[in-house]
Amino acid sequence: MTNNKTFLDNAYGLSSEEETQAFYDEWSASYDAEVAANGYVTPARCAAALAQFSKNLTAPMLDIGCGTGISGQALREAGFTVLDGSDFSTQMLEQAKAKGIYRQLLTADLANPLPFKAGDYTQISAIGVLNPGHAPAETMDGILALLPQGGLFVFSLNDHALKDTSYEGRLNEHIDCGSAQLLFAEHGPHLPRIELGSKVYVIRKA
């Protein structure tokens, strides 16, 4: 049996879509306990940041890469009431379903076009999702395309993703060309017990 420490130690070294999906399926049963033991705080930080700028906490919200639902729990605690979630791991989604947080849960692979209509959601989150080996920087383009003008997108980049300049580079392209406005950016703890940080962003589609 794989121990909990091994999962987290190996989470940032995955190299293929198939490997990543199998890894998270296997991790699903122990995921919540392991990240909690390491002080996982990015979901709460993201939810609090988005709540500062949201004008309607009751509007349907899409939680991309929702995993076992830890992000959904944080969003609920921040006051968001109608949540839909998506993830590529069916086993992670089973864990999320058991929490009873989401209105609906869908299987979606970020390597393919997202199965949602533009304008269905005015608020989208991708918490702990954008990182090398999981979702490339170009994923931002597809997410922003789903939002209407004025829609909000909250996401995080952990320290591993921040070392890859493509992520902040892509963000800056959207800001510089005027397709998005940066509302919030703050670096802080991610998994403090392993001394890993993350930067939380909130942007508005122009």
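This is a predicted model: local features need pLDDT of at least 70, side-chain atom pairs count only at pLDDT 80 or more; totals for chains, interfaces and linings use all residues.
Residues are numbered from 1 along each chain as its sequence is written, and side-chain values use heavy atoms, with hydrogens and water left out.

**Overall.** I looked up the secondary structure and got eight helices and seven strands. Helices (H or I, at least four residues) and strands (E, at least two) are DSSP runs, numbered from the N terminus. Of the protein's 206 residues, 48% count as buried; buried means under 20% relative accessible area, exposed over 50%, and partly exposed in between (1.4 Å probe, protein chains only). For contacts (heavy atoms within 4.5 Å), I found that residues 24 or more positions apart account for 67% of those with a separation of 6 or more.

**α3 against α4.** How do I describe two packed helices? For α3 and α4 the axes come within 8 Å and cross at roughly 40°. That makes α3 oblique to α4, since angles under 35 degrees count as roughly parallel, over 145 as roughly antiparallel, 65 to 115 as roughly perpendicular and the rest as oblique. The axes are lines fitted to C-alpha atoms, for helices over the stretch in contact, and angles run from 0 to 180 degrees between N-to-C directions. I have the crossing down as right-handed, i.e. the near helix is turned clockwise from the far one by less than a right angle. On the α3 side P43, A44, A47 and L50 meet I70, S71, A74 and L75 of α4. I then checked burial in α4 and found I70, S71, G72, A74 and L75 buried.

**Cores.** Which residues touch the most other members of the largest nonpolar core? Among its 28 residues, I noted Y40, L50, L75, L83 and V202. A nonpolar core here is a set of buried Ala, Val, Leu, Ile, Met, Phe, Trp, Tyr and Cys residues joined through side-chain atoms within 4.5 Å. At least two residues each come from α2, α3, α4, α5, β5, β6 and β7, and α3 gives the largest share, four residues. There is also a second, separate core of 27 residues, with L130, M140, L144 and F153 in it. Leaving out residues up to four places away in sequence, V202 touches A49, L50, F53, F153, V154, Q181, L182, L183 and F184.

**I127.** This one sits in the loop between β4 (123-126) and α6 (139-146). Buried or exposed? I127 counts as buried, at 4% relative accessibility. Its contacts, apart from neighbours within four places in sequence, are Y40, T42, P43, C46, I64, G65, S71 and S156. I127 and G65 are 62 residues apart in sequence but 7.2 Å apart in space, C-alpha to C-alpha.

**E195.** I looked up E195 in the loop between β6 (180-191) and β7 (196-205). Phi of E195 is near 55°, a positive value in a residue other than glycine. Most residues other than glycine have a negative phi. E195 is exposed, with a relative accessible area of 75%.

**Cysteines.** I counted zero disulfides, taking a disulfide as a pair of cysteine sulfur atoms within 2.5 Å. C66 counts as buried at 4% relative accessibility, whereas C177 counts as exposed at 59%.
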